[in-house]
Amino acid sequence: MTTLKSETFPIVTSDDVVKVRQAARMWAAELKFSLVDQTKFVTATSELARNTLEHGGGGLMTAEVVENGLRKGIRLTFTDSGPGIANIELALKDGYSTGGGMGLGLSGSKRLVNEFYINSELGRGTVVTIIRWK
Amino acid sequence: MAAFPEIVRAHETAILSGWMSDMSASTRRKDLINDSDLQAQATELLKLFTEASQSSGDVQSDAFAATRSFLKEIAKTRMETGFSAAETSMFVLSMKQAVFNALRDALKSNPSELISEIWTAGTVIDRLAMLTVDTAVGFREQTIARQQEDMLELSTPVVKLWEGVLALPLIGTLDSARTQVVMESLLSAIVETNSQVAIIDITGVPTVDTLVAQHLIKTITAARLMGADCYLSGIRPAIAQTIVHLGIDLTDIQTKAKLSDAFSLALTRMGKSVVALKQAAASTPRVKEV
Amino acid sequence: MDRIPILKMGDCLLVTIQVDMHDELAMSLQEDLTAQIAKYASRGVLIDISSLEIVDSFIGRMLANIAAMSRVLDAQTVLTGMQPAVAITLVELGMSLPGIRTALNVERGMALLQEFIGDDTEE
């Protein structure tokens, strides 16, 4: 897999969540994703960015345009050094919420993208990576 | 480094004329390209090939970048014009005999060097031909994909049954891609026609599996989220059995065995009913506001 | 900080969400609406989202909260103009927006609200 373009965005305020959504929209539009795919992708971005801000205490998102053979896609990596997630499997179950409604954020986002990876360590932080292919 | 580039350059004219005449009638396609254009392309290719070969034998290297893009260009143009992939690559391959003739004349006295140069030059030309075929086939695949998309759109017609009532009669097997397109066209149609009820009729669908059922359920849920009612009709007994077997839950969804019943329900839902005209000779019922 | 304007139309309140809201704006909309419903004893709330291209779980919860709070204050909520792409995404996300009636557009939405309000006063 090769990376064709890369940019990092801070996620520190709720305005950043809006900016990150708009960036995701722009990148998806540039790659000519269909309208529905754009919407799914930007919605997943919004969910994960908000998680990073609210549960991770802030962090950043790295956006990359990637190419795998003939396919092009966008990979987003959300990183925070927050408290981490105790039970990832539980967090990925629909409707699970640790109050404040993390409910559908993770499990829902997973369904909106093609590839979804999550790595979390208690006390160290969380990294969530998603890829949506064209 | 190989000696053939120099030899080829020195014999350029001879090679070109040999190449032109070697292009056998079947792949020559005089109907699609005229002599002077063909000559120009051959000259350009020979020049690029010779230049690149002076510094490298690897067609994927930077030295061959200009050759590669030239070949991609002519492959694309030829496919657009109507050449087959084979005809397109024969253009490149037919330069071999002429090149070998030139090599043979120049290296007659040194058979082992001759063989080595023929091998090297031949390999490069073969690889260039493969590249050309690759581009040509890739172009075909793109065209086919585009046509498939068009067919997909044409085969999911949304029909207006009455003011405010849409029907989507599905025919044939449903796969994941088709069901997505179906979903999107129905939902856009609902907005465009300002419809209150949409009926998805699956009379013409032979089998329904879990994935298809899930997609249908999602479509119906989405339509309802948007503010329109959505019914499922045309469920044949066999499909009803499959649905139960697969454990698919349709309790939230309004279903009807027949499209006509679903249409009747839609009218009722909108506060309308069909009544006979109160005239002795009346034969056509009119739809009247209740 | 700017706030989303709320229009009063008879005994209904009308809100058009046109901007990509950040969280604070969404929260203040919730507060403003509740305050206004109470102030005017409104019977209906119409929220038009025809310009909203993204509805994530946060906005979805906000909408569900507005509907719940309105109901406590004896008002009905109708959501109008949801874009197809948004509907498809919400379904994929698993959000069902319970307790919210929806309509294709503002016109239908107002008619729906009048039905509810009319039904109540007829008792």
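**Exercise 1. Find what share of the contacts in chain A between residues at least 6 apart in sequence join residues at least 24 apart.**

Step 1. Two residues are in contact if their C-beta atoms, placed from the backbone, lie within 7 Å.
Step 2. Taking the pairs in chain A at least 6 apart in sequence, 64% of the contacts join residues at least 24 apart.

Before going on, note that this is a predicted model, in which local features need pLDDT of at least 70, side-chain atom pairs count only at pLDDT 80 or more, and totals for chains, interfaces and linings use all residues. Residues are numbered from 1 along each chain as its sequence is written, while chains are lettered from A and ligands numbered from 1 in the order in which they are written.

**Exercise 2. Describe the fold pattern and the radius of gyration of chain A.**

Step 1. Helices (H or I, at least four residues) and strands (E, at least two) are DSSP runs, numbered from the N terminus.
Step 2. Chain A has 4 helices and 5 strands, and along the sequence they follow the pattern β-α-α-β-β-α-α-β-β.
Step 3. The radius of gyration is taken over C-alpha atoms, and the globule rule is 2.2 Å times the number of residues to the power 0.38.
Step 4. For the 134 residues of chain A the rule gives 14 Å, and the radius of gyration is 14 Å, so chain A is as compact as a globular protein of that length.

**Exercise 3. Describe the side of chain A that touches chain C.**

Step 1. Here 23 residues of chain A are in contact with 18 residues of chain C.
Step 2. The elements of chain A giving two or more residues to this side are helix H1 (14–30), helix H2 (35–54) and helix H4 (105–112).
Step 3. H2(A) gives the most, with 9 residues.
Step 4. Sorted by type, this side of chain A has 7 nonpolar, 9 polar and 7 charged residues. Ala, Val, Leu, Ile, Met, Phe, Trp, Tyr, Cys and Pro count as nonpolar, Asp, Glu, Lys and Arg as charged, and the others, Gly among them, as polar.
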